[in-house]
Amino acid sequence: MTRTVAESAALRGTVALPADKSIAHRAALFAALAEGTSVIANFPDSADPRSTLACLRQLGVDIAEEHPGLVVIRGQGREAFSTSGAAIDCGNSGTTVRLLSGILAGSRLGGTLVGDASLSQRPMARITEPLRSMGAEIVLQGGHAPMQIRPGRPLHGITYTLPVASAQVKSCILLAGLYASGQTTIIEPVATRDHTERMLGLSIRRVGSARHITSSQTTRVKPFSVNLPRDFSAAAFFLVAGTIVGQGTVRLPGVGLNPTRTALLAVLRDMGADIRISGQTDAGGEPVGDLEIHPAALQGITVGGTIVANLIDELPILAIAAACARGRTVVTGAAELRVKECDRIHAVVQNLRALGADIEEFDDGFAIEGGAPLVGTTVDSFLDHRIAIAFGVAGLVAQGQTTITRADVAEVSYPDFWQALDRCVARS
Ligand code: S3P
């Protein structure tokens, strides 16, 4: 599917964003590990969390209800998974394959995890190396999925310092640690999203600037009821859109504001954005609030170092903000962008250049000289949801019309995005 976005003078409205994808995956997985019934309200209808549910079903988990916005899981405990031996398809979802591998290795069930063409290109040695050092036997294809986890191998706990700042690797090993003998401790030199430790109530010790997070067989996984917060990473697109389009106010109620996710807020505010937060509260252990965005002129900024892990998914849309800012924006330390759903550095550079932006590519980021007029043209999604959506937002400020090919990939995290954008434009 192709989408065309016209330059827009104003953007207005209240947008009901989809629920947080990272938390949704974890809610489904942890409900399956618990003994008892968990109720997950506001479960998103996006392809990635649906992949997690489909995998769980294949593993014999009792998903008692799956309606729009409501999932009820009758967990039978961490030992109760079963398998027919068929390959388990994680679709496009890195979080599904990486977290599930920790459970399949830990539970001794084993299995073969597969994914789509993009997922089959993404690095998996980052999880198989620590899992192997716990005692797992895993076969990859040149470092990628299909991932064959041999059944029957008991695991022992390890202490592991994360070599890459990755919440998926952290979560995978902590989940394997629920089954391993002894304790499993992840040492995290750079903080990454902490939903796993919050939701499982894991013990955390601070040692200098590092966090030491521990799981073990004695970690109790309890059933729960939760109303999932809306996704800050989806809010990010409207934070930028509402800032760079000349008029109107955009409101985003009930957005997750976990501090390990919201670095983009600080960066945009430092650039000059006018984003107001109200109604701050707590939803199931996660901070939530309402956001209101007013147009503002932006200045370029330098982004690098430890903050990058907390805005890694937001860097494509930050690049669009940077193209509209006065002065130079430099992003470094973001080599991880090259191993996401596509090579996001290459995709951002290629697409922004096609629109007329002055952008330089680095191995680990990019530099943008803001202010060059953007002119609508045809760009590709690279079959990556965040690239499709970021360039949909760019279309609002590019002269004429911007066409995004293969734009339906937005459904991976935000199936309603194009309609939501149309509504905000139509109200203007
Ligand atoms: C995620 C962690 C991040 C992020 C991804 C979701 C998670 O990946 O990019 O979209 O839910 O744990 P990494 O852990 O590989 O950085």
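**Backbone landmarks, then the ligand**

Reply: P146 is found in strand β9, which covers residues 144–149 (strands are DSSP runs of E with at least two residues, helices runs of H or I with at least four, all numbered from the N terminus). The model is predicted, with local features needing pLDDT of at least 70 and side-chain atom pairs pLDDT 80 or more, while totals for chains, interfaces and linings use all residues. Residues are numbered from 1 along each chain as its sequence is written, and side-chain values use heavy atoms, without hydrogens or water.

Back at P146, the peptide bond that joins A145 to P146 is cis, and its omega is near 5°. Most peptide bonds are trans, and most residues other than glycine have a negative phi. N42, in strand β3 (residues 35–43), has a positive phi, near 65°. R108 has a positive phi too, near 70°, and you will find R108 in the loop between α3 (94–106) and β7 (111–114).

Now for the ligand. Which residues are around the ligand? They are S22, R26, T95, A165, S166, A167, Q168, R193, I312, D313 and K340, each with a heavy atom within 4 Å of it. By class, this shell has four charged, four polar and three nonpolar residues. Two helices, α1 (21–33) and α5 (167–177), each supply at least two residues of the shell.

An N or O atom in the side chain of R26 is 2.6 Å from an oxygen atom of the ligand. For the side chain of D313, such a pair is 2.7 Å apart, and a polar side-chain atom of T95 lies 3.4 Å from a ligand oxygen. Taken alone, the ligand exposes 390 Å², and the protein buries 95% of that (Shrake-Rupley method, 1.4 Å probe).

Terms used
A polar contact is a pair of N or O atoms within 3.5 Å; within protein, one must be able to donate a hydrogen and the other to accept it, and residues adjacent in sequence count only if both atoms are side-chain atoms. Ala, Val, Leu, Ile, Met, Phe, Trp, Tyr, Cys and Pro count as nonpolar, Asp, Glu, Lys and Arg as charged, and the others, Gly among them, as polar.
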